[in-house]
Each structure stands twice: as C-alpha cells, then as structure tokens.
Amino acid sequence: MAHHSACLKIWPEPSIFDEQVTISVEGLVADQPYTLYSHVTTYKNLAFECISHYTSDSRGKIDLTKQKSTGGYYRGVEAMGLFWGMKPSPRNWRSYPSFIQGDVSRPLKIVIKVFPGNLQTSLEIDSRNCLAENVSTRYYLRPGGQRFVIRDDGLHAFLYTPANEGRFPGVISIGGSFPGTNEGIPALLASHGYVSMGLPYVGLDGLPDNFSETSMNFSYFEAAYRFMTNHKMVQSEKGIAIVTHCMGIYSALALATFLPNIRCVIADNGPIFATHQAMIYKGEPLTPPIKPTKISPRRICPQTGNVRSRHSVTYPSFTEMESSLVLPFYKRHKTSYMFVASMDDNGVASEFHTNIAEKLLKKSGHPDYKILRYPGAGHELRPPFTPHIEASYMKTVDSVLMWGGVTSVHCKAQKDFWKEQLLFLQRCFSDDFAPSSKL
C-alpha cells in the first residue's frame with residue numbers, strides 16, 4: 001500500500017517537563033493501523049521507550065488528544081501516553097534502571113516515530129520503514145535558569161534558580177535513600193519560580209556511601225537551612241519550604257521541629273520516625289531508631305535472582321510513638337503540612353505512617369494540614385509524565401526493589417500530586433495566607 005507523505009507534529013516545542021504537549025500525525029492513509037514509538041536515552045546511557053497502536057481516521061490523521069490507543073504499552077485516549085507509558089528498553093546494558101536525567105541543565109530529547117502496522121516490541125522496528133519522526137525537547141530547568149554545585153559548610157548540594165531576576169520563595173528538596181539526589185524535582189520547582197536546593201545526604205563525595213552505614217547528623221540539614229535563609233535570592237522572611245520523599249521525611253520533620261522558620265513540609269511515601277539509624281544532634285540521638293523486626297519473604301526475579309519486597313515491621317503502640325519515637329512536629333502550628341500515601345506502595349508502609357501523622361496533627365489541633373491518598377499508586381511518585389518505575393536496582397542494598405503501583409493509575413496520581421504540591425506551595429507563600437481552622 002502506498003503511503004502519503006506523513007508529518008508528525010509536536011506542540012509546543014520545546015516544553016517544560018511537566019507541561020502537556022499535543023502530538024498529531026497527518027498525511028497517512030485513511031483508516032489504517034499504525035504504530036507510534038517513543039524513545040529517550042537517560043542517565044548512564046539507559047534508554048526508555050513506548051509502543052502504542054492507533055488507527056488513522058478518515059482524513060489520514062492521528063490525534064493523541066482525541067483518538068484511542070488500541071494496544072501496545074497503554075490503551076485509551078492518553079495525550080501523554082508516549083511519555084509516561086515508557087518502559088526500560090530491552091536493549092539496555094542493565095536491567096531495572098530508574099528514570100533519571102543526569103544533567104538537568106540540559107533537556108531530554110524524546111524521539112517519536114511512526115511506523116505502518118501494529119508492532120509489538122521495539123525489536124521489530126526497522127528504521128527504514130519509518131514514515132515520520134520528530135523530537136520533543138523537554139526541559140526540567142527552564143532556559144535561563146541556573147544550576148550551582150554547593151560545597152560550603154560541609155554541604156554537597158545543588159541549587160537551582162529561576163530564569164528571572166529577583167527574590168523568590170525558597171524550597172529544600174530532600175529525596176530518599178538512593179545515592180545522590182533526584183535533581184528533576186528541584187529543577188522543575190525553579191522553573192515554577194522557586195529558588196530550590198536539591199539536598200543529597202548519601203552517595204556523593206563527603207557523604208556516607210549508603211543510608212544504613214552511619215548515623216545522620218542534624219547539623220548537615222541545619223547547614224542547608226542556614227544556606228537558604230542567607231541566600232540573596234531567597235525571600236527568607238516568608239520561611240523555607242521542604243519537599244521530601246521516603247527516608248528524607250524524618251530529616252524534614254526534624255527541621256520543622258527544631259528550626260524557627262520552616263513554612264511548610266510536603267512529605268510523600270516515607271516513615272515519620274527514624275529507621276535503620278538515629279539522627280544525631282549535639283552528640284545525642286533525636287529519637288531512637290525503629291529497625292525492621294521481621295523481613296517478608298524474598299520475591300525472586302528470573303532476570304537477576306535477587307529481588308526484595310518491602311520490610312514487614314512490627315511497630316510499637318501509638319502511645320509509645322507519640323511519647324518518645326516521633327518528633328513533635330505536629331506542635332509547630334505555624335508550619336503547614338501535606339502528607340501523601342500511595343496505597344499500593346511496596347517500598348514503605350506509607351499508609352500507616354500517613355495515618356499516624358494525621359492522627360497526631362488532629363490530636364494537637366493543628367490548624368493547617370492536608371492528607372492525600374492515592375489508591376493504585378506505587379512508591380515512586382515523580383513529576384507528571386515521568387514513566388512509572390515498577391522496580392529498580394538499588395546499589396546501597398544490592399537488590400532490585402519492587403515499588404508497586406498500576407501504571408495508568410500511578411501516572412494519573414503523579415499528575416494530581418504535582419498539581420497539589422504547586423498549589424500548596426503557592427498558598428503557603430502567598431502574602432495574605434493565614435492558617436485556616438479545621439473542624
């Protein structure tokens with residue numbers, strides 16, 4: 001069958017990573033099956049890709065905002081399915097990679113191609129049969145924004161500033177126990193008008209190699225707070241916000257408990273008390289750590305033979321946690337809180353920890369907090385349109401960990417959570433903000 005001269009359009013181009021784009025193909029043969037294929041190469045030359053099946057309409061057009069994918073890696077009308085529907089490429093040199101952009105000052109280049117027929121895997125793709133292609137250029141850090149490496153006062157951190165001149169609200173982003181930091185989140189926050197610090201605490205020069213080998217020192221996180229409050233571009237008079245995930249949550253709550261000007265904390269999918277190791281302040285632990293007392297059976301992966309599921313932990317009573325194990329962050333009524341639980345989290349018992357936080361905040365009469373729960377979502381909640389990370393290799397424990405989540409549901413949760421974060425930050429930093437009383 002002779003094909004017309006096809007044209008694949010992407011708008012806008014370029015775009016910010018959390019921005020939805022419109023993808024359409026014109027000049028196809030009417031009412032015929034086609035495969036749309038997306039591909040991107042990320043950190044350490046690890047690739048992700050997506051395949052989807054579409055049928056051209058009577059005009060020989062495919063519009064992802066209106067037409068259904070009938071097969072491939074996702075189904076239904078999904079304007080951004082070619083982005084969030086990506087999975088690790090079978091050609092990768094390593095199994096179970098995490099989706100990480102190494103240098104966020106450079107954009108991701110997502111290549112999209114059109115092929116005739118319905119291809120099932122990328123191994124069937126022959127570039128000679130490509131009918132049309134285009135590239136979506138996706139920025140974490142908006143052009144004009146800047147990235148700085150911070151090595152002052154014992155820190156090994158990364159600072160991102162907006163493209164515009166002036167003074168802006170300040171945010172510290174504290175990730176989980178993966179080495180380094182996920183720079184995509186603080187870079188995107190800078191693109192939305194925040195001076196944002198990505199604060200790693202393991203896996204880089206001058207930091208512990210892994211989360212479990214040594215106690216964390218509160219003074220390290222205090223130094224990050226001090227840096228942000230003294231920075232000339234930060235509106236420190238409005239306070240500092242903290243966005244945190246997984247094992248970073250305890251550090252964020254320690255800052256909110258002991259420092260005077262933490263405006264808000266947004267915490268997703270992690271423990272609210274110390275685990276594995278204590279956090280030390282002036283030579284003493286802030287609270288004793290609660291270590292897993294029972295490990296659930298391993299789930300063996302045929303590819304690696306070494307997969308771990310979540311810890312199964314026997315927890316103390318609520319009274320014991322309230323009296324000695326959980327920091328009294330909930331008594332800081334001038335700090336606003338958002339706690340988030342993915343209900344299919346296989347990494348951490350997120351729902352349990354969020355329920356405890358909610359109970360403590362309610363009991364203390366805290367005037368301003370928000371609780372979000374996402375059924376069907378897994379542990380790794382990333383910015384919108386990030387591929388769902390079902391499992392990934394974690395060097396610090398030399399295992400592949402299963403993170404949970406149903407892909408389409410998880411990715412909708414990512415989009416909603418990011419919107420809620422931005423609205424929460426905007427509200428907390430608004431000039432006319434005052435905590436509202438809760439029923």
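Modeller: E26 and K9 form a salt bridge whose closest N and O atoms are 3.2 Å apart, the term being used for a side-chain nitrogen of Lys or Arg within 4 Å of a carboxyl oxygen of Asp or Glu. Because E26 belongs to strand β3 (residues 22-26) and K9 to strand β1 (residues 7-11), the pair ties together parts that are 17 residues apart in sequence; helices (H or I, at least four residues) and strands (E, at least two) are DSSP runs, numbered from the N terminus. This is a predicted model, in which local features need pLDDT of at least 70 and side-chain atom pairs count only at pLDDT 80 or more, while totals for chains, interfaces and linings use all residues. Residues are numbered from 1 along each chain as its sequence is written, and side-chain values use heavy atoms, with hydrogens and water left out.

Both partners are partly exposed, E26 at 28% relative accessibility and K9 with a relative accessible area of 38%, where buried means under 20%, exposed over 50% and partly exposed in between (1.4 Å probe, protein chains only). By the salt-bridge rule, the count comes to 15. Another of these joins the side chains of R59 and D57, at 3.3 Å from N to O; here R59 is exposed, at 66% relative accessibility, whereas D57 is buried, with a relative accessible area of 17%.

A further salt bridge links K419 to D416, at 3.5 Å from N to O, with K419 partly exposed at 44% and D416 partly exposed at 25%. These two residues lie in helix α7 (residues 407-429), three residues apart, which is about one turn of the helix. Salt bridges that share partners also join K9, E26 and K61 into one network.

Turning to another helix, α6 (residues 350-363) has 14 residues and reaches 20 Å from its first C-alpha to its last, close to the 20 Å expected at 1.5 Å a residue, the expected span being 1.5 Å times one less than the number of residues. Its buried residues are S350, H353, T354, I356, A357, L360 and L361. They cover an arc of only 160 degrees around the axis, which puts them on the same side of α6; the arc is that of the directions from the helix axis to the C-beta atoms. On the other side of α6, K362 and K363 are exposed, and the helix is followed by G365, whose phi is positive, near 70 degrees.

As for the strands, β4 (residues 33-41) and β9 (residues 108-116) run antiparallel and are joined by six bridges, two strands being counted as paired if DSSP finds at least two bridges between them. Within this pairing, L36 has V114 of β9 as its bridge partner. Strand β9 is also joined to β10 (residues 132-139) by seven bridges, again antiparallel, and K109 stands opposite T137 in β10.

Elsewhere, three strands form an open sheet of mixed pairing in the order β15-β18-β19. Strands β15 (216-217) and β19 (284-285) stand at its edges, each with a single partner strand, so one side of each is left without a neighbour in the sheet. Two bridges join β15 to β18 (residues 279-281), and these strands run parallel, with N217 opposite I280 in β18.
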